[in-house]
Amino acid sequence: MPLIDLVMPKMGESIMEATILKWLKQPGDAVRQDESLLEIATDKVDSEVPSVTAGTLEEILFQVNDVVPIGSVIARIRTNGAATAQPATHQAHPAAVVTGQPTAAPVAPRQPATHQPVNGAGNRFYSPLVLNIAASEGVPLSELESIPGSGNEGRVTKKDILQYIAERKAGGAPPAYGAPASYGTAAGTSYNPIPSQPASSRLPVSIPADSTPATYTTGNVEIIEMDRMRKMIADHMVRSKHTSPHVTSFSESDVTHLVQWREKVKKEFEKRENTKLTFTPLFIEAVIRCIKKYPLINSSLDGDKIILKKDINIGMATALPTGNLIVPVIRNADQLNLTGLARQVNTLADNARQGKLRPEDTQGGTFTLTNVGTFGSLMGTPIINQPQVAILAVGAIKKRPVVLETAEGDAIVIRHMMYLSLSYDHRIVDGSLGATFLSAVARELENFPVNREF
């Protein structure tokens, strides 16, 4: 009765680890092939990991809330049939690999922390979670670099740093070798860039000036613990601000023709296509046409190299019932007509609110649209969704009196007006390109053909 190793599946090119949320089966339980064994979460989306074979769950190697590197064995299943021993191989998107080993593979013991002087010549990556734990526990960068990592390519995982902190508090780990270099301070906080990282991924680390634990305000207050998704959103937003110098340009558009056309056709559209026609696919249409005119908006930065994306994958920020935000992606949006865009928008939004998004539904975006007008805002200053270089926010559509130039002279008329704002990465997108692109989108919406067929 051979053992089958279940490994943490690869959830996307940029995903290196996942958090175990819940085990749906326990050791000794019978499992069917393709039956879900556990729920996991990445910084993109929650998902389930199915069993690749039928048998009995023999062993669980990680517990709830453990952060597990991609490709790690997380459980073992004992089958009733024979299996041919073969080496574990990692495929494009593995859910599990069959080792055929009758006994559990030995796990290398964690080596005690050894401290060496840090010379900045290393090449280690630290996840935002590890950096936040280091900051909250007063672990300076020089000390962080000396911690052995059990993660992929020697990365320090959450488990590593928590174990190190526990050892240090118990007197088992010596203090750091000197304090890290400080590059400016603000309100008693020093910012320490990681010298071993390339410029494209360098992230300043906020380290408290002293190790005094945070104190909460006394009085009539309520302390609310962030949920997991809110913590990840916070990390993502802070990382984006640290990575990209943000600039935001504003414009307004007279969308009267667009509003009138949608009002005229929306009932027939829903009856014929069996899906609603919202403003979002109309906005996306305009964005796509302008990206084709100004392709640098659809790019990313890798060190000193600009990666120009040929595919146009539009992310659309979607609010969840919990109040959190997620950005599902419409892939190859430029290859869809208005009906196709409307179907994709509605399907992805519904799946997001019902928790049915797949991991791939939130990956590969090249440009993001957020509709802050949905919540009544006139405009906003959105934060770039890394590694993209721009994000467009559209505000609420309001009727306003405006001056309209006609052949007979100027006239004050009531029009449907909307503000637009574009935040962009000033490392790649200069003010001229950002403003030009934004104005082009505004013109596309203003010049919407009121007699358009669908």
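I take two strands as paired if DSSP finds at least two bridges between them. Strands here are DSSP runs of E with at least two residues, numbered from the N terminus.

I noted that this is a predicted model, in which local features need pLDDT of at least 70, side-chain atom pairs count only at pLDDT 80 or more, and totals for chains, interfaces and linings use all residues. Residues are numbered from 1 along each chain as its sequence is written, and side-chain values use heavy atoms, with hydrogens and water left out.

Entry one: strand β19.
I looked up the partners of β19. Strand β15 (residues 314–316) pairs with β19 in the parallel sense, over three bridges. Within that pairing I found Met-316 opposite Leu-369 of β19. Strand β20 (residues 390–394) also pairs with β19 in the parallel sense, here over four bridges. Thr-370 has Ala-393 in β20 as its bridge partner.

Entry two: a four-stranded sheet.
I traced an open sheet of four strands in the order β5-β4-β2-β7, with antiparallel pairing. Its edge strands are β5 (46–50) and β7 (67–69), each of which pairs on one side only. From one strand to the next the twist averages 45°, using axes fitted as lines to C-alpha atoms and angles that run from 0 to 180 degrees between N-to-C directions.

The bridge partner of Glu-17 in β7 is Pro-69.
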